[in-house]
Amino acid sequence: MVSQTITIKNAEGLHARPATEIAKSAIQYTSTVELDVMGNKYNAKSVLNIMSAGIKNSTQVKIICDGVDEEKALEGVMQTFQQNALV
C-alpha cells in the first residue's frame, strides 16, 4: 500500500469535471484507489463517490493505492490532480 496526502488548492474544490478525470485515471489501474477525506474513504474509480465526498478548497485528501500496480496508480492519479490544477 502506498499513499500521499495533498491539499486541494482550487477555489471551486473538486467539482464534476476534475472528478471525472480522476475517476478515468484511477480506473486504468488494477489496484484499489481510494481518497481518504477526514477519515472517510471514497472509491476514486467512481465519479459519484468522489462527488459525494464534497471536497472543497483547502481540504486535505489522502490518496491510497493498494495492489499490484499501486506505485503507477499513485503516480497517475497524482498527475491527474496536478493537470487539473487541484493541488
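The model is predicted, so local features need pLDDT of at least 70 and side-chain atom pairs count only at pLDDT 80 or more, while totals for chains, interfaces and linings use all residues. Residues are numbered from 1 along each chain as its sequence is written, and side-chain values use heavy atoms, with hydrogens and water left out.

**The sheet**

Stay with E2 and E3, which pair in the antiparallel sense over four bridges; two strands count as paired if DSSP finds at least two bridges between them. Now show the four strands of the open sheet, which run in the order E1-E4-E2-E3 with antiparallel pairing. E1 and strand E3 (40-43) are the edge strands, each pairing on one side only. On average, neighbouring strands of this sheet are turned by 25 degrees against each other, direction ignored. The axes behind that angle are lines fitted to C-alpha atoms, for helices over the stretch in contact, and angles run from 0 to 180 degrees between N-to-C directions.

**Two positive phi values**

Go to methionine 38, in the loop between E2 and E3. The hairpin of these strands has two residues between them, and methionine 38 takes a positive phi near 50 degrees there, although methionine 38 is not a glycine. Its relative accessible area is 75%, which makes methionine 38 exposed. The classes are buried under 20% relative accessible area, exposed over 50% and partly exposed in between, with a 1.4 Å probe and protein chains only.

Next select serine 58, in the loop between helix H2 (47-52) and E4. Serine 58 is another residue other than glycine with a positive phi, here near 75 degrees. Serine 58 counts as exposed, at 55% relative accessibility.

**Helix H3**

Colour residues 70-83, helix H3: 14 residues that reach 20 Å from first C-alpha to last, close to the 20 Å expected at 1.5 Å a residue. The expected span is 1.5 Å times one less than the number of residues. Which residues of H3 are buried? They are Glu70, Ala73, Leu74, Gly76, Val77, Met78, Thr80 and Phe81. These buried residues pack against strand E1 (2-7), helix H1 (16-26), strand E2 (32-37) and strand E4 (60-66).

Select serine 25, in helix H1. Serine 25 is buried, with a relative accessible area of 6%. Leaving out residues up to four places away in sequence, serine 25 touches Gly76, Val77 and Thr80, where contact means heavy atoms within 4.5 Å. Draw the distance between the side chains of serine 25 and threonine 80: they make a polar contact at 3.1 Å. A polar contact is a pair of N or O atoms within 3.5 Å; within protein, one must be able to donate a hydrogen and the other to accept it, and residues adjacent in sequence count only if both atoms are side-chain atoms. Methionine 78 is 53 residues from serine 25 in sequence and 9.4 Å away in space, C-alpha to C-alpha.

**The salt bridge**

Finish in H1 with lysine 24 and glutamate 21, which lie three residues apart, about one turn of the helix. They form a salt bridge, with the closest N and O atoms 3.6 Å apart. The term means a side-chain nitrogen of Lys or Arg within 4 Å of a carboxyl oxygen of Asp or Glu. How many salt bridges does a search of the whole structure find? It finds one. Lysine 24 is partly exposed at 48% relative accessible area, and glutamate 21 is partly exposed at 29%.
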